[in-house]
Amino acid sequence: MLARLLLLTLLVLACSPAPQQPSPPPSRPSEPSLTLRSGDKVKTFTRSQLLAHPAIKTLSIPDESGYEDQQMSYRAIPMAALMEGLEVSAGSELGYQTLDGFSSGVQAALVMNQDPGRSLAYLAVEPPDQPWPRFEGRTYGAGPFYMIWVNPQLSEIGREEWPFQVTSFTVRPSTEALYPDLVPDRKNQPLYRGYKSFVQNCFPCHTLDGHGSGKLGPDLNVPMNPTEYFQPEVLRKLIRDPHSVRTWAGMKMTGFDEKELPDAELEELIGYLRSRKKR
Ligand code: HEC
């Protein structure tokens, strides 16, 4: 009897958990991840999940954007396969956000296209053991997630439609579908870029030809276009720093410095505004 009790005590002792060790600090930073959103649905993928995606393949393409026409090899997933299970309605756009907080969008129909007679969009995923080069003169490259195109010329894909360091994609109604009158021909890339810049920077507050919901400032074409009544240099100054042109207590427009709106982009934006004048 005593022997059995002793055995039992020994067994209980053997099975009881070892005294708690303090948990070790996390040994590596958390993995980068990508978020996809459509309506209420949200999907998040870590980099290793993306690298294990069934549709991933190796692509060798001339990189027409971040890596300036160099031939590059990427592990990449067709955007259409990546978006599977999320609703992408006709006329929507795929808005994206990048690591530095930049946000813009690309027409969803272009991104979701699977006809090889048109441009094909892929998400390139940077393998941690084979990092991509840095951009010329920069401390960073396009990784970890970069949207790239095969045969970009087939659908007139511009260089700024290759977003790099992407953190999320969101399906949202597109300005192009809502206001087709405002969209210039994609073949005229400087004009098209000016339009994109206008939509991104000015459309939140200004309507154009009565289109849009930004009602904080005046319409920028009706009844007159500011390129008609401001000298070009004054208009540039006003966009850069409205207070440098005129000032009063109730002013609401904030300026755009060279970082937010580089000189070349400002010229394209003004070019787009000017192009609306004849209407
Ligand atoms: C935060 C909202 C906001 C944004 C963004 C904004 N504006 Fe404005 N803008 C205003 C408001 C409000 C006024 C009226 C003056 C004021 O209150 O500053 C104005 C005035 C102007 C005027 C003068 C019009 C006139 O006849 O007096 C021009 C031109 C103009 N904006 C162009 C632009 C352009 C181009 C962009 C994009 C690069 C832009 N604005 C972005 C709010 C905005």
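Tutor: Buried means under 20% relative accessible area, exposed over 50%, and partly exposed in between. The model discussed here is predicted.

Student: Why is Met253 called partly exposed?

Tutor: Its relative accessible area is 30%.

Student: How do you know whether His206 is buried or exposed?

Tutor: The relative accessible area of His206 is 11%. The limit for buried is under 20%, so His206 is buried.

Student: What makes His206 and Met253 ligands of the iron atom?

Tutor: His206 through NE2 and Met253 through SD coordinate the iron atom of the ligand at 2.0 to 2.2 Å. Donors are N, O and S atoms within 2.8 Å of the metal, so both atoms qualify.

Student: What does the pair tie together?

Tutor: His206 sits in the loop between α6 (189-201) and α7 (226-229), and Met253 in the loop between α8 (232-240) and α9 (263-275), so the pair ties together parts that are 47 residues apart in sequence.

Student: Why is the site of the iron atom called octahedral?

Tutor: The iron atom has six donor atoms, with angles of 86 to 179 degrees among them. Six donors count as octahedral if opposite donors are over 155 degrees apart and all others between 65 and 115. The site is classed as octahedral. Ideal angles for six octahedral donors are 90 or 180 degrees.

Student: Why is the pair of Phe198 and Tyr272 called tilted?

Tutor: The ring centres are 5.9 Å apart and the planes stand at 45 degrees. Rings pair if their centres lie within 6.5 Å, and planes under 30 degrees apart count as stacked, over 60 as edge-to-face and the rest as tilted. The pair of Phe198 and Tyr272 is therefore tilted. Phe198 in helix α6 and Tyr272 in helix α9 are 74 residues apart, and the pair links distant parts of the chain.

Student: How do you know whether Phe198 and Tyr272 are buried or exposed?

Tutor: Phe198 has a relative accessible area of 0% and Tyr272 has 1%. The limit is under 20%, so both are buried.

Student: What makes Thr98 and Asp100 a polar contact?

Tutor: Their side chains make a polar contact at 2.6 Å, and the cut-off is 3.5 Å between N or O atoms. Thr98 lies in strand β5 (residues 92-98). At 9% relative accessibility, Thr98 counts as buried.

Definitions and conventions
Residues are numbered from 1 along each chain as its sequence is written. This is a predicted model: local features need pLDDT of at least 70, side-chain atom pairs count only at pLDDT 80 or more; totals for chains, interfaces and linings use all residues. Side-chain values use heavy atoms; hydrogens and water are left out. Donors are N, O and S atoms within 2.8 Å of the metal (3.2 Å for Na, K and Ca); water is not among the atoms, so sites may look incomplete. Four donors count as tetrahedral if all angles lie between 85 and 135 degrees; four count as square planar and six as octahedral if opposite donors are over 155 degrees apart and all others between 65 and 115; anything else is irregular. Helices (H or I, at least four residues) and strands (E, at least two) are DSSP runs, numbered from the N terminus. Buried means under 20% relative accessible area, exposed over 50%, partly exposed in between (1.4 Å probe, protein chains only). Rings of Phe, Tyr and Trp (its six-membered ring) pair if their centres lie within 6.5 Å; planes under 30 degrees apart count as stacked, over 60 as edge-to-face and the rest as tilted. A polar contact is a pair of N or O atoms within 3.5 Å; within protein, one must be able to donate a hydrogen and the other to accept it, and residues adjacent in sequence count only if both atoms are side-chain atoms.
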